[in-house]
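The following paragraphs lead through one structure, from a single residue to the whole chain. Please keep the sequence and the coordinates in view while reading.

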Amino acid sequence: MNGLSTVLIVVGLFLVGGIISFAKQDMPKSLITLLSIGAAMCLVAGIMRLEVWN
């Protein structure tokens, strides 16, 4: 596991926490959707960069 994949996974999990928090606060759905897309992209990029796929 290299540094960039770790950072991407941590940022993705941070954004997932933001999604949960914003959903509890009844924030606009468009903002939650935007956060969801960003979190999914970070998590997928972090997982795809893991060195276990070689």
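Is S5 buried or exposed? S5 is buried, with a relative accessible area of 0%, where buried means under 20% relative accessible area, exposed means over 50%, and partly exposed lies in between (1.4 Å probe, protein chains only). This is a predicted model, in which local features need pLDDT of at least 70 and side-chain atom pairs count only at pLDDT 80 or more, while totals for chains, interfaces and linings use all residues. Residues are numbered from 1 along each chain as its sequence is written, and side-chain values use heavy atoms, with hydrogens and water left out.

S5 lies in helix α1. Apart from its neighbours within four places in sequence, S5 is in contact with G46, R49 and L50; contact here means heavy atoms within 4.5 Å.

The overall architecture comes next. The protein chain has two helices and zero strands; these elements are DSSP runs numbered from the N terminus, helices being H or I with at least four residues and strands being E with at least two. Helix α1 covers residues 3-24 and helix α2 residues 29-48; their axes come within 8 Å and cross at roughly 155 degrees. Such axes are lines fitted to C-alpha atoms, for helices over the stretch in contact, and the angles run from 0 to 180 degrees between N-to-C directions. The helices α1 and α2 are therefore roughly antiparallel to each other, given that angles over 145 degrees count as roughly antiparallel, under 35 as roughly parallel, 65 to 115 as roughly perpendicular and the rest as oblique. The crossing of α1 and α2 is left-handed, a term for a near helix that is turned anticlockwise from the far one by less than a right angle, with clockwise giving right-handed.

Which residues does the contact between the helices involve? Among them are S5, L8, I9, G12 and V16 in α1, and L35, A39, L43 and G46 in α2. The residues of this contact divide into 17 nonpolar, six polar and no charged. In this scheme Ala, Val, Leu, Ile, Met, Phe, Trp, Tyr, Cys and Pro count as nonpolar, Asp, Glu, Lys and Arg as charged, and the others, Gly among them, as polar.

L43 is found in helix α2 and, at 22% relative accessibility, counts as partly exposed. Leaving aside neighbours within four places in sequence, L43 is in contact with L8, I9, G12, L13 and V16. L43 and I9 are 34 residues apart in sequence, yet their C-alpha atoms are 5.1 Å apart. V7 is partly exposed at 49% relative accessibility.

The loop between α1 and α2 contains D26. Although not a glycine, D26 has a positive phi of about 55 degrees. D26 is exposed, with a relative accessible area of 68%.

At the level of the chain, the C-alpha trace spans about 40 × 15 × 10 Å along its principal axes. The radius of gyration is 13 Å, whereas a compact globule of 54 residues would have one near 10 Å; the radius is taken over C-alpha atoms, and the globule rule is 2.2 Å times the number of residues to the power 0.38. Of the 54 residues, 24% count as buried. Among contacts between residues at least 6 apart in sequence, 65% join residues at least 24 apart.
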